[in-house]
Structures are given as C-alpha cells and as structure tokens.
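This report goes through a structural model from its recorded annotation to its cores and chain contacts. The sequence and structure come first, and the description follows.

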Amino acid sequence: MKRSITRLLMAPSVIMLLVWMVIPLSMTIYFSTIRYNLLYPGQNNFVGWMNFEFFITDPGFIPAVSNTLILLLSVLIITVVLGVMLSALIDKPFFGQGIVRVLLISPFFIMPTVNALIWKNMMMNPVYGIFAWISQTLGFEPIDWLSSFPLGSVIMMVSWQWLPFAILVFVTALQSQDTEQKEAAQMDGATGWHIFRYLTIPHLARPIAVVIMIETIFLLAIFAEIFVSTGGGPGYDSTNLAYLIYNQALLQYDVGVASAGGLFAVLLANIVAFFLIRAVGKNLTV
Amino acid sequence: MSYLTITELQKHYDNYHALRGINLSISEGEFIVFVGPSGCGKSTLLRTIAGLESCSSGSIKLDGRDITEVASSKRDLAMVFQSYALYPHMTVAENLSFALRLAKVSQAEIQQKVHAASASLQLDELLERKPKELSGGQRQRVAIGRAIVRQPKVFLFDEPLSNLDAALRVQMRLELARLHKKLGTTMVYVTHDQVEAMTLADRVVILNAGQIEQVGTPLELYRQPNSRFVAEFIGTPKMNLIPIDTIIREEENLNLQLLNSQVAFPENRLHGPLPSSVTMGIRPEHMALVEHGGQISGRVELVEHLGSEAYAHIQLANNQTIIVKASARSDLKDGQAVNVQIDEAEIILFNDSDRVISVIPEEA
C-alpha cells in the first residue's frame, strides 16, 4: 500500500523524464530511416539504412570521429595534468592566494562563444593577436594558428575553458587532505615530490575520475568553439562529430543523414563511456 | 648525560607567545610525558622537537647534534599522531615499510624489519589490509609499528590514545609501557590525561601557559608539588584547598587556625618565610571521617561510590565543599554531620602567590 503510494507520487516526474528522453530519441530514430531533406519537402519515403550509409561514407566522417577523439583525449590530459599541478601549487598558503584562485577559476564563467572569439581575435590572430606580437618581438614569423593548427587551436581554447573546472574540483579535494598524513610522511623522510606522488595523487584519484567523467560528457559535444573560430576547416581538419551533424542538417539541409549521425554520436559516446568507466570507474566505487 | 637537550626555546605565533623559554634535558631511554591543560603548549613543544614547527629562538640538541634547523626527516625521530595519520591507500605492510622504501633500504631488510614490527604488535594477520578495514586499536598499533620499523633515536607521541575508548586506552597504555621496556628507546609523550602521565612516565613535565611548571617523577609531583597549579592538576579527585585564617606560632609547631578549629603543622616543614595569607592543601586520601575528634566538621552533601572506595563531598561551615576519601562500605547519609580527621604530615601549604612553602619530611 505504502509502496504503491510512493510510486504513484513519483510517477509524474518519472514519466516526465521518460517522455523527455523517449520523444527526441524516437523522433531521431524515425528521421534517420526516412528521406528527409529540407530542399525536397514532401518526399519522406522510408529508406532503411541508407542515411547511415551516407553518413559513414561521407568524406568528413573519418576525420570527424578521429578529431572528436583527439580533442577529447588531449583536453582531458591537458586539464587533468595541468589542473593537478596548478592545484598542488596553490594549495600552500601564500600572499594573494584568494585572488589567484579566483583568477584561475574565472575562465569557466566565460561562455564558449566569447571564449572562442577572444582566442580567435585577441590571441591567435596572425596580424594583431598577442601570439603574433610575441613571435614578432622575438624575431619569428607569426603563425596563423587557426589555419595552420586548426585542431590544436580548438584544443587550446577548450582546455583553457575547462582547466578551471578541473582546478576547482582538485583544489577543493586538496583541502580535505589530512595534514597529519603529510606530516607523518615528512617525518618518514618523504620529500615534497614523494608526498605529491604517494599521498596527493592517490588522494586525488577519485576527483580525477569525476573530472574525467564530467568533462567527457561535455567535450564529446564541443560545437560553439569550432563554429565561431575555424568553422570546421580548413577542409575537415577541425570538424568533429557534432559539427559534422550540424553541417549535414543545416548546411546540406539533410535532416535524415544528420539524425543518423546523431545516433552514431550516441553510439560513440557509449563506447567511450564504457572504456572510461572501466578505466577510472573503480575509483568511484570505493 | 643528557640525550635530548632543549635550551631557551621560544615560539611566537603572529600574536601569541606559545612557548616561553623552555629548558629541558632528557636522558637516553627515558619515558618523558608532557602534560598540561589544553593550550599550554605541550603539542607545540612536541611538534617543535619534531621539526614540524620552527622555533623562534633557542636550540634543540639530540645525541650531541644540533637539530634546531635540521629538516624533520633528517632528525632521526619518529612520531605517532593523534589521528594515526596512516596512509589510507596503502596496506598495513606498505604503511609500515614506507619510510624504509623511501630510504632505499634493500627488500630483504625491509621484509625482515616489517616482520619484526608486525610480530611484536600482533599485526601479522592484518598486513594486507587497508587502514579503513582496521579498528581504532589496530590502527593505533600500525601507527606505532610505522614508528618502530625506523628504529629512531626518539619516539614522539602526540596524544596517541585520545581517540580510543576507555577500555582500549587502558590496554594500549599497558602495551606502550611494555614496548618502552622492551625497546629501551627514549620516548616523549604528550597527553592531557594525568592518569596516562602518572602511569607511563619516568619523568613528567607539567606545562602551563607555555612554560614548564615542574619536572619530576610522578610520585615527586604528587607528593611535593611546586605550585598550586601542579598540586591541583595531579591527582583525582583534586586536592582540597582550604584558606587559613590565622597562624599562631607555638614552640615547634605552627598552629593553623581555620573554621574555628586548629591544625598543627611542624615548623621544620616550613620552607622560607611565613607569608601573610596561606592556603592549606590536603588530598582526599589524607583525610578520614571519624565519629569523635577530628579537626574540622561539616555535613555530607553527596557520596560517590566507586566500588573499591567512596568519595564523600563534605560541606564545611564556610560553605566550601571538600572531598574526603571514605571506606567503600561507609553508610553515610546525605546531610549527616561528620568530623574530619586530617593527616597533619601530608599537609601542603601555599603562599599568596600560589607557590608551595612546605617540604615533605625526609622519610626514615
């Protein structure tokens, strides 16, 4: 009796969430099996696996998948490694610690579009960007980042955006590290490096897992930075899956192929999640 | 010869003077206990010896070497922390061997030392467990084991038993005493529990407000305290303090007048001049409840039965309450009038600045 009331009371929200998920998914599945091109309205016949075939054989497909994975892995490595090092660096009290922390975390509050514009126009512009100025000052040829290293530029922007998140999590985690443990290690003859290696890193295992999980969710769907800065180019050099899907749907007006791409993205996310959880998930269970 | 020597140690925090000129010398193999109320600087002193806190001035010498500025890892000391501070992601064996592994000791030697330590602390069964799978007492033993394997010159203990429950605390206290006997290593131990101090120490150092109040064997401190602070700090229940109204000099005795009665005090036990205002200290066990006679009288306010003995709280004429040890089977009733017999040989006198002005007579 009591149980059924509980279920009854929970039902509206559960149904709401289910509908929220099921409707878009089933619509995407439906669109992916019909011809649905905005340029040819009315010709919505069933085409089976054709949309998937088109998407997978698209010349942008292989670069998009590999770019998605390269982007994901690079940003994860950069943010976690730099994040751990910077957090450890600012963990000890020093003059201006509060301000430094706020400054380190602030890029997280900048929206992705603005972030991309800042990097595109103020940092990486080959004529009046800061990088160009530095190169020229040192007597080198300025680099046109966005066309020479398109994916690298995107990685840089996204890392800058997500490093604060990692720092925020790690700094908080470091504050809960037991000082007596560090002192005990000190008495045991541990140097600063030993303490970092044998106490701090294991202590951060779980926060690192959390950061990797959360960042993965967002990094698989990076779009704004690419759209604003490189536009996926040159060629497909900085196109990822999300951008390729956008390309199919709104530049080539083929909603059917885009839906097939969307489903493939879901598949890829699940594959990545599977390996990720196997790799870092054990830190979460204990 | 002094093994660990602390000279004129001062420690200032930003606006707090934590240690005010500590002088102490400790011999090799001694078990020294720092005891005092919270905030007295005992932990700061220990942490300064350990090198976890720097000192503002003064020096620390260990075995002839000045270690005042030496990094704590190079001081040849091992410390057991209040929270045990075990490394949570390492097994017991890894915890025990951590220092040795850092020092690049050979595998065989590590094995042998860890084994010896775990055997002596009954940790053999637990070597592969993680700290969180251990009970409080087991963690405590691992923490001690981690100190033992390093074979340091001095063991430092920072309130190691305060996180244990009462029964376990008594047991671990005993184990520590045994350990000290077996190893014979110098140990410095911080506690706020005077029972631990009395039972473990060769010598007790009583600290108060950043200064050493008195150093001595537990019995010395108990029988011949230097000051009112020490007298009140050592012993449970506390020493009774009764103000003396006037003192009349007789031939060989001082006649202490209090509450319309008088107590004789042999003048040869007086040390130094007689001040204007005097307080008498007497421990509960040095008084007895008697039916007739006795020097002072009062009413029973409350009786605490402890099984083997009882403590009677007696309200005196001036409304002060004193505690008198009574026999376990005394059938005292609340409100009953009683006479108190004071053992005059055990009286301690304090002057107006709370220093002791009586001496204990040489025992035959």
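## Annotation and basis of the model

In an unreviewed UniProt entry, the feature "domain: ABC transmembrane type-1" is placed at residues 65-276 of chain A; UniProt positions follow the numbering used here, feature names are shortened, and annotations may be inferred rather than shown by experiment. Over residues 65-276 of chain A the chain is 75% helix and 0% strand, with its end C-alpha atoms 17 Å apart. The unreviewed entry also carries the annotation "transmembrane region" for residues 9-31, 69-90, 102-119, 154-174, 207-230 and 250-277 of chain A.

The model is a predicted one, in which local features need pLDDT of at least 70 and side-chain atom pairs count only at pLDDT 80 or more, while totals for chains, interfaces and linings use all residues. Residues are numbered from 1 along each chain as its sequence is written, and chains are lettered from A and ligands numbered from 1 in the order in which they are written.

## Fold of chain A

Chain A has 14 helices and zero strands, where helices (H or I, at least four residues) and strands (E, at least two) are DSSP runs numbered from the N terminus. Among the annotated segments, residues 102-119 of chain A are 67% helix and 0% strand, with end C-alpha atoms 20 Å apart, and residues 207-230 of chain A are 75% helix and 0% strand, with end C-alpha atoms 33 Å apart.

The C-alpha atoms of chain A fill a box of roughly 75 × 75 × 30 Å along the principal axes. Chain A is divided into domain 1 (24-60 + 251-268) and domain 2 (66-238), with bounds that come from an automatic or database domain assignment, and the centres of these two domains, taken over C-alpha atoms, are separated by 36 Å.

## Helix α13 of chain A

Helix α13 (residues 255-280) of chain A has 26 residues and reaches 36 Å from its first C-alpha to its last, close to the 38 Å expected at 1.5 Å a residue, the expected span being 1.5 Å times one less than the number of residues. Buried residues of α13(A) include Val255(A), Gly256(A), Val257(A), Phe264(A) and Ala265(A); a residue is buried if 20 or more other C-beta atoms, placed from the backbone, lie within 10 Å of its own, exposed if 12 or fewer, and partly exposed in between. The cover over these buried residues includes α1 (2-32), α2 (50-57) and α12 (241-251) of chain A.

## Nonpolar cores

A nonpolar core is a set of buried Ala, Val, Leu, Ile, Met, Phe, Trp, Tyr and Cys residues joined through C-beta atoms within 7 Å. The largest such core has 107 residues, and those with the most contacts inside it are Val33(B), Met79(B) and Leu156(B). Its largest share, six residues, comes from helix α2 (residues 92-102) of chain B. A second, separate core of 49 residues includes Leu72(A), Met124(A), Trp145(A) and Met157(A).

Within chain B, Glu159(B) lies in the loop between β7 (154-158) and α5 (166-183), and Glu159(B) counts as buried because 20 other C-beta atoms lie within 10 Å. Leaving aside neighbours within four places in sequence, Glu159(B) is in contact with Gln82(B), Val190(B), Thr191(B) and His192(B).

Methods: Two residues are in contact if their C-beta atoms, placed from the backbone, lie within 7 Å.
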